[in-house]
Amino acid sequence: AMDSSSVRVSSSNGGGGDGEVRFPLSSAASGALIIQKGDITKWSIDGSTDAIVNPANERMLGGGGADGAIHRAAGPDLVQACLKVPEVRPGIRCPTGEARITPGFKLPASHVIHTVGPIYHADNNPAASLANAYRNSLKVAKENSIQYIAFPAISCGVYGYPYDEAATVAISSIKEFPNDFKEVHFVLFLPEIYDTWVNKAKELLKE
Ligand code: AR6
């Protein structure tokens, strides 16, 4: 992220995980998909305009899981910025499958893109909703000239999405944007999800 006050030693593995695998997103351009283990609240790319994606809920005022960790790390300015996002219906700032952007405040990343994945067992078409969450996050990033973006495994925690199905949707959705980003990262907390994502990327991003 933009940061003139300190020098960071590591650049692209702010998650601090041990595993990191890189896949090309297109044959022509330099875009890459990078899958790594770690904590998304620690992620940034030094000196760049970057964003982490927050797996939020429709109220968009914080919660548990990664959402809670992101709000704690960003500090109280984040919920204040979220409160300024207009409600589209009473109590709802970000309907399932949509995305909204705020600054990152105390996070190392300069922006947070809030999106809402489906509740797996409550959604009529969870695959479509999850694909929309990824696509709309990438669209919002593009509109804000963000070249580096990091996703967690949206809906794979509290929202109960099966890991293998989620990996298919996640990686297929990223593939729809082969030339728009320098790096799209997945920063994955759980080893089992990391392994699932790496295997799926090998399958779907084979040259
Ligand atoms: N960095 C990376 N991944 C993380 C982190 C972290 N710091 N913390 C958790 N994960 P979840 P959802 C992983 O439940 O399923 C919240 O209450 C976690 O292991 O955070 O989309 C919201 O307010 C899991 O694999 O998000 C919503 O109400 C993945 O992130 C609801 O949960 C997503 O798990 C959203 O549920």
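# Briefing on the predicted protein–ligand model

Of the 207 residues in the protein chain, 45% are buried. The model is predicted. Its protein chain contains five helices and seven strands, arranged along the sequence in the pattern β-β-β-α-α-β-β-α-β-α-β-α. The radius of gyration of the protein chain is 16 Å, close to the 17 Å given by the globule rule for 207 residues, so the chain is as compact as a globular protein of that length.

**Overall dimensions and contacts**

- The C-alpha trace of the protein chain spans about 45 × 45 × 30 Å along its principal axes.
- When contacts between residues at least 6 apart in sequence are considered, 69% join residues at least 24 apart.

**Surroundings of the ligand**

- The ligand has 25 residues around it, of which Pro55, Asn57, Gly63, Gly65 and Gly157 come nearest.
- Sorted by class, this shell comprises 15 nonpolar, eight polar and two charged residues.
- Helix H1, covering residues 65–74, gives the most to the shell, with four residues.

**Nonpolar core**

- In soluble globular proteins, nonpolar side chains tend to be buried together.
- The largest nonpolar core here has 57 residues, and Ala51, Ile52 and Ile149 touch the most other members.
- Helix H3 (residues 126–143) gives the most to this core, contributing seven residues.
- Which residues is Ile52 in contact with, leaving aside its neighbours within four places in sequence? The partners of Ile52 are Ile40, Trp43, Ile70, Leu107, Ala109, Val112 and Ala150.

**Helix H4**

- The buried residues in H4 are Ala166, Ala167, Val169, Ala170, Ile171, Ser173 and Ile174.
- The cover over these buried residues includes strand E2 (32–38), H3, strand E7 (183–188) and helix H5 (191–204).

**Residues with positive phi**

- Most residues other than glycine have a negative phi.
- Met60 is not a glycine, yet its phi is positive, at about 60 degrees. Met60 is found in the loop between strand E3 (50–55) and H1.
- Phe105, another residue other than glycine, has a positive phi near 50 degrees. Phe105 is found in the loop between strand E4 (99–103) and strand E5 (111–115).
- Phe105 counts as partly exposed because it has 19 C-beta neighbours inside 10 Å, whereas a buried residue needs 20 or more.

**Asn199 in helix H5**

- Asn199 has its place in helix H5.
- With 12 other C-beta atoms within 10 Å, Asn199 is exposed, since that class takes in residues with 12 or fewer.
- How far apart in space are Asn199 and Gly65, C-alpha to C-alpha? Asn199 and Gly65 are 24 Å apart in space and 134 residues apart in sequence. Gly65 is one of the residues that come nearest to the ligand.

Note on methods
Residues numbered from 1 in each chain as written. Predicted model: local features only at pLDDT ≥ 70, side-chain atom pairs only at ≥ 80, totals over all residues. Near = placed C-beta within 6 Å. Helix = DSSP H or I, 4+ residues; strand = E, 2+ residues; numbered from the N terminus. Nonpolar A, V, L, I, M, F, W, Y, C, P; charged D, E, K, R; others polar. Core = buried A, V, L, I, M, F, W, Y, C linked by C-beta atoms within 7 Å. Contact = placed C-beta atoms within 7 Å. Rg over C-alpha atoms; globule rule 2.2 N^0.38 Å.
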